[in-house]
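Here is a short walk through a structure.

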Protein chains: 2
Amino acid sequence: MPPLNFNAIRAAHKRIRAYIHRTPVMTSSRLNEASPATASLFFKCENFQKIGAFKARGATNAVFSLDDATARRGVATHSSGNHGAAVARAARLRGVPAHIVMPSNSAKVKIRAIEGYGAQLVFCEPTENAREVACAEVIKKTGATLIHSFENEHVIAGQGTAAVELLEDVPELDVIICPVGGGGLLSGTAIAAKSMRPQIKVIAVEPANADDAAQSFRAGRRLVTEKKFTIADGLRTNVGERTFPIIRRYVDDIVTVSEQAIVSAMRTIWETMKTIIEPSAAVPYAAILENKIDVNGKRAGMILTGGNVDLDALPW
Amino acid sequence: MPPLNFNAIRAAHKRIRAYIHRTPVMTSSRLNEASPATASLFFKCENFQKIGAFKARGATNAVFSLDDATARRGVATHSSGNHGAAVARAARLRGVPAHIVMPSNSAKVKIRAIEGYGAQLVFCEPTENAREVACAEVIKKTGATLIHSFENEHVIAGQGTAAVELLEDVPELDVIICPVGGGGLLSGTAIAAKSMRPQIKVIAVEPANADDAAQSFRAGRRLVTEKKFTIADGLRTNVGERTFPIIRRYVDDIVTVSEQAIVSAMRTIWETMKTIIEPSAAVPYAAILENKIDVNGKRAGMILTGGNVDLDALPW
């Protein structure tokens, strides 16, 4: 793996450009007025990205970074959904096999999407341990390469390209607000943002019910904490061993939000912006609703990370 | 009123430009592949328009076309929602009073939107007759000017500006597919489309449960037909006396779609494009799903007319 810096993110952007959407940055005067603080909000709509989430960026970069001989043996990953779809799609684009390990309780819309890309699906119990065991077995059997959803520099570099585009479109942002689960998006975003605009603040947001990154950030070392249920299922993961040092170095703060605020933020964005986002994508705006971040008078950018929602199981 | 031609639409566009969004035209490779026919589909996202629907265009043009003395006496309309919000917003922008007559069973999200623009709300029974009576009373009392939602040349000209932008962005469309209720959007769209690109086909789509426009089109005269329930509440209205002659002259065909197809089209667009549209906006794509229009090998443009949906009352 190359050392992860802004050059790697630039290279990733060039590598994946033909395979991803340059997604729009949307604004809403009604949302600017409705927010507790007077702020100018800019939403990078990765819910309109290929596979419906930013994960298309990192997975595509990782799969297309493999040499031909390695790629031919296939790729594998374990994912609650979006990263799995992203790896499946990238593998199809490269013409190599993909093995996707998914928890058996994954949303139907996510399962259908992965099947649609022609990947091999392997179901397992919905625990992190069961996923890793099932994935290791697949790799042993097939010789496929693991494309981890965040413990992988190529994946992190790819995720950072969303912030590159956001700052190209809105160069004078004061702050970027980013959700954190495993920390892949946050790491890539922080490196890109601080490289392109050193004075920018990078604030991460995490559900209070899965606040290991916030606790680890305060402690200065990676803590594995007990998790309660959070509707933001994409953010249940513990922050990674490779992502945490990047986060410590580049991120200014990590705040937490309540489940209620996440649902409220999600619904407000649906109603006001007419755009479908999944609960994890609502977490940054939830922090504004709960006054956890001072955005008063500022230009705040947020990545709407994805829009894959089971329309038969909405939280209202 | 000036005679309604393409110059009136161009003038409307100039008049309203500062007050409306130039909405994006979206495409979806997944939707192109998923549709029964092989077609390139282009969606003009008027669900992202001010007030969440194309109606902002016509109402703004009509309110800003009034002379100062007339405007000062205020404006009034009866509307199931979007047109009411559009008139309320236009009146606030011009700084004049607005009186909006609404059926008592209107969606909450629409009522809140109109209240937010500071308009006077007048509730009435949910029949066309009750609306007209209540609106006439308000006008008699206040001296306000009626801004009818489609029987008004300035409104029609304003609605036509959406097709102007669509054809500016995608000049080589083969067909424009447009929903029809009262016929305001359809009339403006047809004049604009045939003026900018004479060889284009303009096809209108109507719920089979409210098919007066289709029946009238075949009969060659305006029929007032019995209506069954349709989820596409914006399209329940009878086609207008002023719009029907325009439709006869410029529209190539009117087809109908089932309620099931409307819901299915709506859900498919939500899931695939991550964009929230109301049932009326799903009607053109429903016609593709039901093979009512031959779009095979063609570039087909559709206006996603609005996105104001009560999230507590979804049809699935």
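A cavity, on a 1 Å grid over the protein atoms alone, is a set of points where a 1.4 Å probe fits but cannot get out; its lining residues have an atom within 4 Å of a point. This is a predicted model, where local features need pLDDT of at least 70, side-chain atom pairs count only at pLDDT 80 or more, and totals for chains, interfaces and linings use all residues. Residues are numbered from 1 along each chain as its sequence is written, and chains are lettered from A in the order in which they are written.

The whole structure holds two cavities of 30 Å³ or more.

Now look at the interface. Here 23 residues of chain B are in contact with 23 residues of chain A (heavy atoms within 4.5 Å). About 2000 Å² is buried between the chains, counted as accessible area (1.4 Å probe) lost on being put together, summed over both. In chain B, K274(B), I276(B) and L311(B) lose the most area to chain A.

Two salt bridges cross the interface (a side-chain nitrogen of Lys or Arg within 4 Å of a carboxyl oxygen of Asp or Glu). One joins D312(B) to R267(A), with the closest N and O atoms 3.0 Å apart.

Note on methods:
Heavy atoms only, no water. Buried area = accessible area lost by both parts, 1.4 Å probe. 1 Å grid on protein atoms, 1.4 Å probe; cavity = no way out; pocket = protein on both sides within 12 Å on 5 of 7 lines; lining within 4 Å. Points joined across faces, edges and corners; volume = space filled by probe spheres on them.
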